[in-house]
Amino acid sequence: MTTIQTSMPEAGKVIPRSSAWDRLWINRNWLAMWFMLPAAAFLILFLAYPLFLGVWMSFTDDRIGRGGVFVGLENYEWLRDDSIFWLSVFNTLLYTIVASAIKFAVGLYLALLLNRHMPFKALIRAAVLIPFIVPTVLSAIAFWWIYDSQFSIISWSLIKMGLISHNINFLGDSNWARASVIFANIWRGVPFVAITLLAGLQTVSPSLYEAATLDGATSWQRFRFITYPLLTPIIAVVMTFSVLFTFTDFQLIWALTRGGPVNATHLMATLSYQRGILSGRLGEGAAIATAMIPFLLAAIAISWFGMQRRKWQQGTDND
Amino acid sequence: MASVQIHDVRKSFGGFEVLHGVSVPIEDGQFVVLVGPSGCGKSTLLRMLAGLEKITSGTISIGDRVVNDVQPKERDIAMVFQNYALYPHMTVAQNMGFSLKLRGADKSEIDQKVNRAADILDLRRLLERFPRQLSGGQRQRVAMGRAIVRDPQVFLFDEPLSNLDAKLRVAMRAEIKELHQRLKTTTVYVTHDQIEAMTMADKIVVMQDGIVEQMGAPLELYDRPENKFVAGFIGSPAMNFLEGTLKVNGGQPWVETANGAKLPITAAPAAANDKSVTYGIRPEHLEFADDGIEAEVVVVEPMGSETQVVARIGTQDIIAIFRDRRPVAPGDKIHLRPRANSAHLFDKETGKRVN
């Protein structure tokens, strides 16, 4: 395609001027662009395009099988007066905050335990990952049985122990249903938090703990002044991901309750699916999905600024 | 400040014993260096003194108190780690004041003590920096500052200079020694570098395979090593060893090597004639002579103040150091004469000194 002139041109011969296209092709800066193009095309096609299409759809009255017209903020005005939408926002926030907080606490505790010396360490660490590996729908079915109104093993055990006299209607009662799906989400999400934090814990040099011990720190003080501050960067990352996953959760709810009873467990994602796909009102479904974006951006912003504050990680390295 | 008594201390990991009954008395204010090759148990001994490892048997006392079952923080010791173990998320000042903060000292007291230590170590300008922003030598000083702030009874150093480059190591060596002369705190210092041991110690403890081979003042160990290991370990370049048999024929005794070279000694040791011995002679105790052992020069290393010559006697290489400049070149035949009164004799089987 192109040749690079390395020898002196022979006298009398005319040097061919390279065309603009040729120059574009060999220019170093443009070359980088060419190399990035496949990845960029991939991202645009599968990430940016659906995102913008979704946002655009939320401003139309699209229905399945029939293109709509631009209606401005009409969908959002509808949602503003829609109590079920606001219930789903409340549910989503409750679900995210409670589940993430407990996942963090339990995950951190588990990580600290797994970081100790114990027999069968590798085996136990692997076992902790199991809830994360099992397909969500499969574990949802298991939970479905555990929460069954008649055959629930929990109800059965509690009755046998004489603690309650009637079966608990786990998925039939609003508050029980919320607690149940939150528990199932925690069960699934803890391994991710625990294993990631464990990886973070293992980067902390043992001699720091020894130095702190000699400095007179109790085990709580070692956690408070050494482990926790050194772990904050990884906590910020893992909790951002955890919050994002939880906020956008769909599978578990859909497999367990489909948003019931009486919308008590409807999250924004499930409501969006129900309105947009099942009811066919794509525009409205897209509006609900789009309404999630500000929350997600806020979650990212918090962790981003949280990470930026840590001065000790920056500065010049003099090694 | 306090004396330290290490008495018949043993340490096992699982069923494997790494320290086989070590006893080291340390006087108040002494600078003691534990030295030995890696795996000799010197770091383990230091960590037991610090309370980071359990003592399997034996006793360690600091002052009048047996500390076997005393928590590390109650032992009133401070330790400088090989990798410094500075808290990366704390500034220099916070690093140094951490122990005081944990002790519940008020802010003005912490500031005052941190500033005093910073002045001693010339760290004033760096107090607000984070460890990342410091050079290796500065980190080392902060680690020492953290120890000084606590004003402990005993300082413990665990190979503190091994992460520094050669030039900085020499400078820090002097700095630590000066610090000790100034504070006069009892110090136990672990290193594998015999030069550090020689230059810094009041007393050197040479260890190997979990036992103490010899302890004493640096020059004592240098001049009269009790066994072949200590003789070879202390001193650089290392002592030359030549295998031979002892000949005591009435008058002047000597050691004869397999190829017939006669190595002079002053007095006949209390050992039988024809005994197999190892003849040790330090490089600087070899002299040029007209009638000494014949050797062929292999390598000449002029260093300015002195010249190191690697010479071959039979099949064995020995090193000699000369202060006077003499034109020798590889391939030259020279004659070397060991100074008889500086020769060391070791039993070939046990390695023990016999003269």
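**Entry 1: the domain interface in chain B**

I looked up the buried area first: domain 1 of chain B and domain 2 of chain B bury about 700 Å² between them. Carbon and sulfur atoms account for 59% of that area. I note that this is a predicted model.

**Entry 2: where the domains lie**

I checked the domain assignment of chain B. Domain 1 runs over 4-232 and domain 2 over 238-347. I counted the contact next: nine residues come from domain 1 of chain B and nine from domain 2 of chain B. The centres of the two domains, taken over C-alpha atoms, are 39 Å apart.

**Entry 3: polar links and the domain 1 side**

I searched for salt bridges across this interface of chain B and the rule finds zero. I then looked for polar contacts between domain 1 and domain 2 of chain B and got two residue pairs, both at pLDDT 80 or more.

Which elements of chain B give two or more residues to the domain 1 side? They are α7 (218-223) and α8 (228-233). By class, I list four nonpolar, two polar and three charged residues on that side of domain 1.

**Entry 4: an annotation on chain A**

I turned to chain A. The UniProt record, an unreviewed entry, annotates residues 89-303 as "domain: ABC transmembrane type-1". I looked up the secondary structure of this stretch of chain A: 76% helix and 0% strand. Its end C-alpha atoms are 21 Å apart.

Key
Residues numbered from 1 in each chain as written. Chains lettered and ligands numbered in written order. Predicted model: local features only at pLDDT ≥ 70, side-chain atom pairs only at ≥ 80, totals over all residues. Heavy atoms only, no water. Domains from an automatic or database assignment. Contact = heavy atoms within 4.5 Å. Buried area = accessible area lost by both parts, 1.4 Å probe. Salt bridge = Lys/Arg side-chain N within 4 Å of Asp/Glu carboxyl O. Polar contact = N/O pair within 3.5 Å; in protein donor to acceptor, adjacent residues only side chain to side chain. Helix = DSSP H or I, 4+ residues; strand = E, 2+ residues; numbered from the N terminus. Nonpolar A, V, L, I, M, F, W, Y, C, P; charged D, E, K, R; others polar. UniProt positions renumbered as here; feature names shortened; annotations may be inferred.
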